Amino acid sequence: MLAAIDWHILWARIFHPDHVFVLALWRTIYISVGAQILGVVLGLVAALMRLSRIAPLRWLSGLYVLVFRGTPVIVQIFFVYFGANLLFGFTLIPRTVHVFGIFDIDGAAFAGIIALGVNEGAYMREIIRAGIDAVDKGQMEAAKSLGMPYRLAMRRVVLPQATRFIIPPLGNEFNNMMKTSSLVFFIGVTELFGDAEIRYSTTFKPVEYFLAVAFWYLVLTSVWSLIQAQIERKLAVSERGDELSFRERVAAAWLPSAMRIRGTP
Amino acid sequence: MSSEGPVMRAEEVVKRFGRLEVLKGVSLDVNPGQVVCIIGPSGSGKTTFIRCINHLEKIDSGRVEVNGHLIGYRERNGKLVEDSERNIARQRAEIGMVFQRFNLFPHKTALENVIEAPIHVRGTPKEEAIATGRALLERVGLGDKFDTYPGKLSGGQQQRVAIARALAMNPAVMLFDEPTSALDPEVIGEVLDVMKTLAFDMGTTMIVVTHEMGFAREVADRVVMMDDGAIIEEGSPKHFFDSPTHERTKRFLSKIL
């Protein structure tokens, strides 16, 4: 079995990626990052809407989560890209999109970012809501007692503390996002997965190309894990005024009870 | 603000949680510079009452005024309607509050806790707020803890930062909600000492919900006994602790002293 693998192809894909491949890798990165940023923004807006005193805003937020968490993301991608054309006969997203007037991206990739981002927003709303709920109610009361209006108290006191609860699940979400972004291949974006798909269909060497692509996804997610650990460490510093070593954080992640035994001063 | 008249006036304040009436028409006047201690068994409505003073709890009827301004409500055609959030926030800025569980902002240092509201609510220039904040922290005995996060401070130190934080807004009246109840016995004294300084040296108007009878006796101008959502007795500490008239007060004091 193993003898059937062309190791040369596998090594070449890993150690000598060509520029077509690098472009595909870059697409995966910017689609994931763009969609995740959009997801966080939409999730924050939806989470704040859910806390609003205005009932229709709360309903809208609930409906958003219901629809986008309850339907397959691949269907959402199709609808964003082809929906306007099929339903109403006009092209919503042009072939090339000028983003902020700075750079151009392929229309399909743009549609992918929008669809993945809107989908992600529904999950982020729940994560951000849970983060806000996890902040002690006394914090909002203390802020109000000092004369802060609700929005100021939210921005200066509650949300900064909620971040600490939001970052770990946000890391998971982004990890998922990098892999889920492969779905945009189905609207014609040649990202990492798409590149492997195309190569294998011309060479009939699926094992080599898919093993290589798995390796590159692993690289992306591993790099992200390191970045996330760094962010969490920074947050922990400002929160406690002291610094946990990497070893302590790993221990804490596996043994939450060990932290409680250490106790607070 | 008129120089005469009470700083805080509560008239027939009624508060219900669902069908439970926790305040059954509480009236209280507090004059400038006065220290009023509210005592009573748990569940008597003391904490709910002072939370009504800065509108952390909405009231169901009656009225609360601070410096002659109605708190939390506006009068419209003889009826009271809840005021705008911005106005309520503005009124709260005049009322300092110290909580049982401190509620310091854990992501900010001691000094940042103290200067947060002056800068972002009042618009005080940063340098000025820092100078005032440092002076206040020195006053509560924490001159060496400016840059320390609350997590690294003891309970007594945290509560003193909380007092400095409330004072930084230069409030007309300070509310204390059982400020020493969550503290270890050995640090209660340091917080009470700070509160005594406010009362004796700075002439701060204070309303204190407390179980510290020694403090009430020494510092209060007036002691108020609450039971079952109503004020049942009030008077000078001397009257209160030496010759209480109400049967319920006598029983309460005999248990606690």
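# Contacts and burial in a predicted model

Reader: Which residues is Asp83(B) in contact with, leaving aside its neighbours within four places in sequence?

Author: Asp83(B) is in contact with Gly72(B), Tyr73(B), Arg74(B), Ile88(B) and Gln91(B) once the neighbours within four places in sequence are left aside, where contact means heavy atoms within 4.5 Å. This is a predicted model, in which local features need pLDDT of at least 70 and side-chain atom pairs count only at pLDDT 80 or more, while totals for chains, interfaces and linings use all residues, and side-chain values rest on heavy atoms, with hydrogens and water left out. Residues are numbered from 1 along each chain as its sequence is written, and chains are lettered from A and ligands numbered from 1 in the order in which they are written.

Reader: Why does Asp83(B) count as buried?

Author: Asp83(B) has a relative accessibility of 10%, and buried means under 20% relative accessible area, with exposed over 50% and partly exposed in between (1.4 Å probe, protein chains only), so Asp83(B) counts as buried. Asp83(B) is found in the loop between strand 7 and helix 2 of chain B, helices being DSSP runs of H or I with at least four residues and strands runs of E with at least two, numbered from the N terminus.

Reader: What makes the pair of Asp83(B) and Arg74(B) a polar contact?

Author: The distance between the side chains of Asp83(B) and Arg74(B) is 3.4 Å, and a polar contact is a pair of N or O atoms within 3.5 Å; within protein, one must be able to donate a hydrogen and the other to accept it, and residues adjacent in sequence count only if both atoms are side-chain atoms. The pair therefore counts as a polar contact.

Reader: How do you know that the buried residues of helix 2 of chain B line one face of the helix?

Author: In helix 2 of chain B, Ile88(B), Ala89(B), Gln91(B) and Arg92(B) are buried. Seen down the axis, these buried residues fall within an arc of 160°, so they line one face of the helix, the arc being that of the directions from the helix axis to the C-beta atoms. The face turned away from the buried side carries the exposed residues Arg86(B) and Arg90(B). The buried residues pack against helix 6 (137-145) of chain A, together with strand 5 (69-70), strand 7 (79-82) and strand 8 of chain B.

Reader: How many residues does the contact take from chain B and from chain A?

Author: The contact takes 28 residues from chain B and 26 residues from chain A. In chain B, Glu85(B), Phe105(B) and His107(B) lose the most area to chain A, together 22% of what that side buries.

Reader: Why is Val219(B) called buried?

Author: Val219(B), found in helix 7 (residues 213-219) of chain B, has a relative accessible area of 5% and is therefore buried. Val219(B) touches Val35(B), Lys196(B), Ala199(B) and Phe200(B), not counting residues up to four places away in sequence.

Key: Buried area is the accessible area (1.4 Å probe) that two parts lose on being put together, summed over both.
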